[in-house]
Amino acid sequence: MRKSIAPIAIAATLAFCLAFNADSANQINTATAENATLADSLMSYGEYDSARVLIRTTLTDARAENDSVLLARVLALAGIAEVNGGDQSEALAYLNESIGMAQAQRDTVTWMRALGGKGNAFRNMGERGDARNAHGRALELALATRNRTSEGWARNAIAGLEWREGNLESALRESRSAAAAFRSVQHPQGELAAMSRIGPLYFTMGKVDTARTAMLQQLARSQELGIPSEEALVIGDLGVLEANAGDMTRAVQYFRRAYEYEQSKGNIRQSIMPANNLGNALAQLGRYEEAESILNKTIDMCETNGFTAFTGQLLASSANVLQQQERWDAAASQSRRALALGSALRPKARSTAKVRLAASMLAMDSTQTAIAVLQDQKSGGESATLLAKSYRRQNQLDDALTSALEAEESTRDGKVLRYRVDALFELSMCYAARGESDEALHWFNEGVQAARAHREQQSTHAWREVFGGARALVTSARVVLDHPPNADYHERVEALYDVLQTFKARTLIERITEPRERSDPRSAFAELDPVTLEELQTTILQPRELLLDFVVGENETYLFAVTRDSCRIALLPGYASDFPEQITIYHDAMGASTGASRTRLDGLQRSSAELGLRILGEFDDLIRSADRVVVAPDSYFNALPFGTLALSSNNEPLFETKAISRVPSATLLRLLRRPEKPPTDAIRFAALVPESSTELRGAKEEVRFLESTFEGVTVMAGLVGNAQVNEALSASDIVHIAGHVEVDDEVPWRSGILLGRRTASTSVSATRGSPGDEDGASRGAAEDDPYLRAARIAGWSIPARLTVLSGCESALGRITRGEGVLGLTSAFLSAGVKTVIATLWEVDDRVTADLMKTFYDQLAKGETAEAALRIAQLRIRSDSATESPFYWAGFVVVGDGTTTVPLVERPRGNRLPWVGMVGGLLIVGALGLRARGRASRKRTPG
């Protein structure tokens with residue numbers, strides 16, 4: 001119960017304050033008082049570090065002047081400055097001293113202000129009861145003295161406490177009353193501070209449009225008044241709103257602006273939530289290193305400065321980042337650290353930490369522990385969905401269904417659509433587990449619609465890639481295969497294929513089609529629908545051609561084997577199995593350059609047979625009868641060199657007898673196989689080499705061979721400028737690039753081919769944290785960038801039939817949910833190239849040059865791209881010195897492997913001699929080619 005102030009005491013206090021203010025004006029009009037006023041002004045603009053420095057000096061002077069009134073005031077300022085940017089314990093010491101002095105002197109103004117600071121310190125420490133008492137006392141004094149400014153601050157603080165307790169209507173009333181109080185005395189900063197709660201409160205109440213309107217009004221008002229600190233706060237709130245109910249691209253832009261502003265001003269406390277939100281968002285994009293750096297830095301800062309109330313939320317966010325990397329033990333440890341904070345942990349942070357801990361336990365097969373952690377949670381979308389999943393794993397189907405229905409109901413408003421998607425798919429799986437097929441199919445279809453809506457909210461490709469192929473959709477899609485049980489099995493297989501194709505590689509298709517649709521709305525590429533199984537079999541696949549289409553889920557991987565007259569499905573383990581690790585080990589073993597002994601080669605052959613049988617064994621008959629195999633891999637299968645697989649220990653690898661290519665999706669295969677006019681002019685050939693090509697002698701040899709052997713070859717040494725390269729590539733039928741490739745797994749579209757002169761500030765790794773460049777476009781647009789970036793390539797129009805990337809690991813990149821591997825290969829496909837030759841690992845520079853000679857010779861004889869590469873690989877493999885898969889197995893055909901290019905060979909008498917070619921390259925060197933005098937055996941990144 002709050003204590004009341006007796007009317008007589010109030011009157012006496014008022015009289016004393018008025019008299020004191022009149023009598024002491026001259027006493028406090030000193031340099032010390034002026035410094036105190038300046039410090040106060042600095043704090044009002046968020047300059048807490050500068051204010052703290054000034055206050056330290058001012059406090060010493062105030063103590064020396066023996067002026068208790070001035071000292072009480074400065075002590076209050078010192079405490080408030082520490083609350084906002086320093087040590088909470090030190091803040092309380094200053095504030096308690098100020099309160100004691102102000103109360104003794106009846107200095108109500110200082111008394112109220114110090115009480116407010118004390119309440120904020122308690123709030124930061126998680127002591128909400130003490131915080132409420134301090135702010136309540138300040139409000140009583142403000143009402144008694146009719147001090148509208150102090151009333152506004154007290155009500156605003158109480159609104160925050162009410163919100164944290166879940167009393168939303170009460171919090172909204174207090175916020176409105178606070179704004180009105182400030183407005184009545186024309187206090188714009190206070191008014192904006194009170195307004196800052198109104199929008200988020202409306203959002204929490206489910207009134208999204210009202211919330212957005214309130215926040216935008218607040219932003220306009222803060223910009224009109226020129227108060228950047230308040231602008232930063234509302235920008236952070238807008239980011240939260242857009243992240244949960246709108247556009248993640250815009251949300252991240254808001255988070256960055258808010259975080260960077262508060263960091264630049266040294267506003268420690270104000271930077272905490274923007275840091276938390278930005279870290280979570282970056283992690284969703286796969287930018288784990290930057291996300292962890294921001295969160296860990298902020299956690300350390302909170303622990304150092306006593307911001308205990310915020311530490312738990314940051315630890316829970318750190319656990320979320322670790323979970324996305326499948327570092328379950330570390331994630332569980334961070335969650336437990338948060339929960340160990342006990343009563344200091346905010347309810348929302350406690351709930352988040354429990355969900356993160358339960359998710360980690362579930363991933364580590366500690367299902368009962370996950371249930372125990374979640375059972376006392378309030379019903380909510382994410383926690384209820386996770387609890388349903390846990391019960392389902394324990395075969396407690398009634399409990400699972402109850403929790404899933406709670407999750408569906410709590411997410412029905414669609415306020416946080418990603419929780420809605422997961423809830424719907426989990427509900428479908430619960431009904432499927434109970435054998436209720438009609439309900440299962442209904443909720444699965446609802447989930448598909450919600451997943452589409454969630455994805456379409458995103459305005460940039462980077463975020464569509466994140467949300468493009470929800471793992472929950474793939475995991476729950478089994479219901480389409482199993483239900484209804486009385487339907488024809490082949491019809492169910494067809495239905496499953498069609499729904500999964502809707503999401504697979506959807507964003508890459510858009511990257512390809514959107515630029516063409518903008519240039520010609522009537523283009524055949526406009527509004528390209530996903531391919532159907534019927535269309536695939538009747539119009540796209542060729543005779544004796546087999547498509548192997550992978551879709552990876554949590555527990556199962558669907559492998560479709562499609563020919564013109566059949567479609568079969570095999571169920572393989574999903575990403576929660578040992579498959580990812582096994583394939584990674586196999587990839588690394590095949591790509592290892594050491595240990596080419598017969599014993600090791602025999603071991604690799606056995607591994608090829610074991611893995612081949614495990615993956616492809618059910619389709620042995622289809623593979624044997626096919627001439628061509630087109631693979632549409634997904635997730636970790638993208639790293640697999642399929643041509644090396646065998647179907648028994650006595651068989652040769654598949655590429656021995658089959659032409660093999662790969663595509664991101666069957667829909668893209670349809671796009672690549674659209675009819676086109678054959679070239680009427682001579683083939684134009686662009687060959688790009690690094691500025692310092694002496695580092696790659698094999699690369700230089702490749703270019704010598706091409707220019708001396710074929711007509712129409714133009715050599716470009718170095719990257720004169722992106723515009724010049726674009727011009728050259730847009731007029732080429734073949735593009736050959738021999739240079740260092742650097743793949744950025746965190747921002748795939750920032751991957752690049754080093755052609756110019758690299759510096760520390762322009763390397764791929766140095767640009768990973770470029771603010772606001774989530775899609776990789778900013779760095780790629782720079783004309784002086786020595787890298788030819790994926791983001792820039794994807795935006796160009798390159799009509800080339802064939803692009804050859806003979807640098808290393810050019811076919812790899814970050815794996816995203818349902819979108820395949822994103823990197824340089826995808827960029828060239830997006831630019832319009834039909835076929836790309838790329839590599840899965842580091843390749844040998846000199847052997848690659850030999851392989852490329854055979855490849856181009858075969859192209860000139862009329863072979864398809866996939867056949868030419870196969871012949872070249874067989875030739876390298878036939879030499880005992882290069883028999884190891886390291887030398888040949890990493891090369892892959894991506895796109896339409898049936899592409900042919902009618903190369904025209906130079907007449908033998910007109911071919912340039914080697915010496916002439918060296919001279920030609922030296923002439924090109926005048927444009928930027930400089931020798932560094934060092935050879936490199938491998939084409940290794942960087």
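By the ring-pair rule used here, the count comes to 14 aromatic pairs; rings of Phe, Tyr and Trp (its six-membered ring) pair if their centres lie within 6.5 Å, and planes under 30 degrees apart count as stacked, over 60 as edge-to-face and the rest as tilted. One of these pairs is formed by Tyr497 and Phe560, an edge-to-face arrangement with 4.9 Å from centre to centre and 85° between the planes. Because Tyr497 belongs to helix H27 (residues 489-501) and Phe560 to strand S2 (residues 556-562), the pair ties together parts that are 63 residues apart in sequence. Helices (H or I, at least four residues) and strands (E, at least two) are DSSP runs, numbered from the N terminus.

The model is a predicted one, in which local features need pLDDT of at least 70 and side-chain atom pairs count only at pLDDT 80 or more, while totals for chains, interfaces and linings use all residues. Residues are numbered from 1 along each chain as its sequence is written, and side-chain values use heavy atoms, with hydrogens and water left out.

How accessible are the two rings of this pair? Tyr497 is buried, with a relative accessible area of 1%, and Phe560 also counts as buried, at 1% relative accessibility. Here buried means under 20% relative accessible area, exposed over 50%, and partly exposed in between (1.4 Å probe, protein chains only). Elsewhere, ring pairs link Phe550, Phe579, Tyr636, Phe637 and Phe642 into a cluster. A ring can also meet a charge: the charged end of Arg418 sits over the ring of Tyr419, 5.0 Å from its centre. For such a case, NZ of Lys or CZ of Arg must be within 6 Å of the ring centre and within 35 degrees of the ring normal.

Along H27, the buried residues are Arg492, Val493, Leu496, Tyr497, Val499, Leu500 and Gln501. An α-helix has 3.6 residues a turn, so residues three or four places apart point the same way. At the start of H27, a side-chain oxygen of Asp488 comes to within 3.0 Å of the backbone nitrogen of His490.

H39 is mostly covered, with 12 of its 16 residues buried; among them are Val847, Leu851, Phe855 and Leu859. At the start of H39, a side-chain oxygen of Asp844 reaches to within 3.1 Å of the backbone nitrogen of Arg846. Just after H39, Gly862 takes a positive phi of about 100°.

Turning to the strands, Glu545 lies in strand S1 (residues 545-552). Is this residue buried or exposed? At 2% relative accessibility, Glu545 counts as buried. A polar contact of 2.6 Å joins its side chain to that of Arg673, and a polar atom of the Glu545 side chain lies 2.8 Å from the backbone nitrogen of Gln542. A polar contact is a pair of N or O atoms within 3.5 Å; within protein, one must be able to donate a hydrogen and the other to accept it, and residues adjacent in sequence count only if both atoms are side-chain atoms. Leaving aside residues up to four places away in sequence, Glu545 touches Ile540, Val562, Thr563, Arg628, Val630 and Arg673, where contact means heavy atoms within 4.5 Å.

Strand S8 has two partners to describe. Four bridges join strand S6 (residues 685-689) to S8, and these two run parallel; two strands pair if DSSP finds at least two bridges between them. Ala687 has His736 in S8 as its bridge partner. S8 also pairs with strand S12 (residues 802-805) in the parallel sense, over four bridges, with Val735 opposite Thr803 in S12. Both faces of S8 are covered: Ile734 and His736 on one side and Val735 and Ile737 on the other are all buried.

Ser732 sits in the loop between helix H35 (722-729) and strand S8 (734-737). This serine is buried, with a relative accessible area of 4%.
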